[in-house]
Amino acid sequence: MKKIIIDTDTASDDAVALVMALREPALEVLAITAVAGNVTLDLATKNACLAATYADTYLPPIYAGAERPLVRALNTATNVHGEDGMGDMPAGFFKEPATEPQPQRAVDAIIDLIAGGDGDIELVTLGPLTNIALAILQAPEVMKKVPHITMMGGAAFAGNANPTAEFNIWVDAEAADVVFASGIPITMATIEACFGSAKFTPEEIEQLQRSQSEVAHFCADCNRTLIDLNASLLGEPGLDLPDPTAIAILARPELIQGYFTGYARVETAGSALTDGMVVCDRRAPQTVQAMAKGSSLHRHNATVVYEIDGPAFKEYL
Ligand code: BDR
Ligand code: CA
């Protein structure tokens, strides 16, 4: 069983990802840590408690973390996920969460858990990387014990926050760069991974809504705003679920169909076209060294997943 900590700016697709992870027998979720991103920290923490409740398996401790990015002002995505992050369903629609956040701060909880582990606790990140960067800055030696990060973040070809940057990276580009520079190996479920055949069609959404399962209804209902956005603004009815692809490629790596590797860092001084872009140097390290005098040799730190087996992903979810 893989031990993981999930860091999340819990809104609608994060909620589905949390449900998946808590219902996946191959994963043991040791903690859920919340971060500001899609919504403010308070809402992200509350929504994490709600999603864990609906998963209806076990309730890991949930911790609140950073209220804002390291340097920048917070940009939320309530236009995508609803003012409450959970589809703006009527008051009282969802049940009350059966758990509440722990008093300890998320960054300290992450450091304590990793310090107490045997180098076998992985991270899964579904939001901006503020908490993880703060943990690395606060306890660099401890965080070297993290063997791997599975991240929903980055764009392989085209961003959703600007032409090149994906939302989670763009919201706190400085934090993301701290994480990429740390040397911890990262597998990125990019924004492209949830498109194409991985996107739920209107018929498949209906199937979830018709199901007798309470958790299936929850997963569809909390995404109401995102479903509406797909139908109206984007003109492509259906439902794209970025964060669940991260859980899927962690638990079922055989679903990965398209990826490349490279040395990835984040553009923090870019223009409106490139701010928050993950730049992945795909050249072999020896080529970089041979071509640029004095350049340092960087091993590839990132596996960039841009395509998964869509039908198998949806069946798994
Ligand atoms: C990512 O940003 C948020 O809107 C989603 O929760 C996902 O983590 C997609 O760019
Ligand atoms: Ca998210």
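Is Val288 buried, partly exposed or exposed? Val288 counts as partly exposed, because 15 C-beta neighbours sit inside 10 Å, while a buried call would take 20 or more. Bear in mind that this is a predicted model.

- Nine strands make up an open sheet with mixed pairing, and their order is 3-2-1-4-5-6-9-7-8.
- Strand 3 (62–64) and strand 8 (278–281) are the edge strands; each has a single partner strand, so one side of each is left without a neighbour in the sheet.
- On average, neighbouring strands of this sheet are turned by 30° against each other, ignoring direction.
- Strand 6 (residues 186–189) and strand 9 (residues 302–308) run parallel and are joined by four bridges.
- Looking at strand 9, you'll find Ala302 as the bridge partner of Ile186.

**The nonpolar core**
- The largest nonpolar core counts 105 residues, and Leu18, Val19, Ala34 and Ala246 have the most contacts inside it.
- Helix 2 (residues 41–55) supplies the largest share of this core, with ten residues.
- Take Val19: leaving aside neighbours within four places in sequence, Val19 is in contact with Ala51, Tyr54, Ala55, Val215 and Cys219.

**Helix 5, mostly covered**
- Seven of the nine residues of helix 5 (residues 130–138) are buried.
- The buried ones are Thr130, Asn131, Ile132, Ala133, Leu134, Ala135 and Ile136.
- On the strand side, these buried residues pack against strand 1 (2–8), strand 2 (27–34) and strand 4 (121–125). Their helix partners are helix 4 (106–116), helix 6 (140–143) and helix 8 (173–181).

**Helices 9 and 10**
- The axes of helix 9 (residues 202–210) and helix 10 (residues 214–221) come within 7 Å and cross at roughly 135°, which makes helix 9 oblique to helix 10.
- By class, this contact has five nonpolar, two polar and no charged residues.
- From helix 9 come Ile205, Leu208 and Gln209, meeting Ala216, His217, Cys219 and Ala220 in helix 10.

**Back to Val288**
- Val288 belongs to helix 13 (residues 285–291).
- His298 is ten residues from Val288 along the chain, and their C-alpha atoms are separated by 8.4 Å.

Definitions and conventions
Residues numbered from 1 in each chain as written. Chains lettered and ligands numbered in written order. Predicted model: local features only at pLDDT ≥ 70, side-chain atom pairs only at ≥ 80, totals over all residues. Core = buried A, V, L, I, M, F, W, Y, C linked by C-beta atoms within 7 Å. Buried ≥ 20, exposed ≤ 12 C-beta atoms within 10 Å, placed from the backbone. Helix = DSSP H or I, 4+ residues; strand = E, 2+ residues; numbered from the N terminus. Contact = placed C-beta atoms within 7 Å. Axes fitted to C-alpha atoms, helices over the stretch in contact; angles between N-to-C directions. Parallel < 35°, antiparallel > 145°, perpendicular 65-115°, else oblique. Nonpolar A, V, L, I, M, F, W, Y, C, P; charged D, E, K, R; others polar. Pairing = 2+ DSSP bridges.
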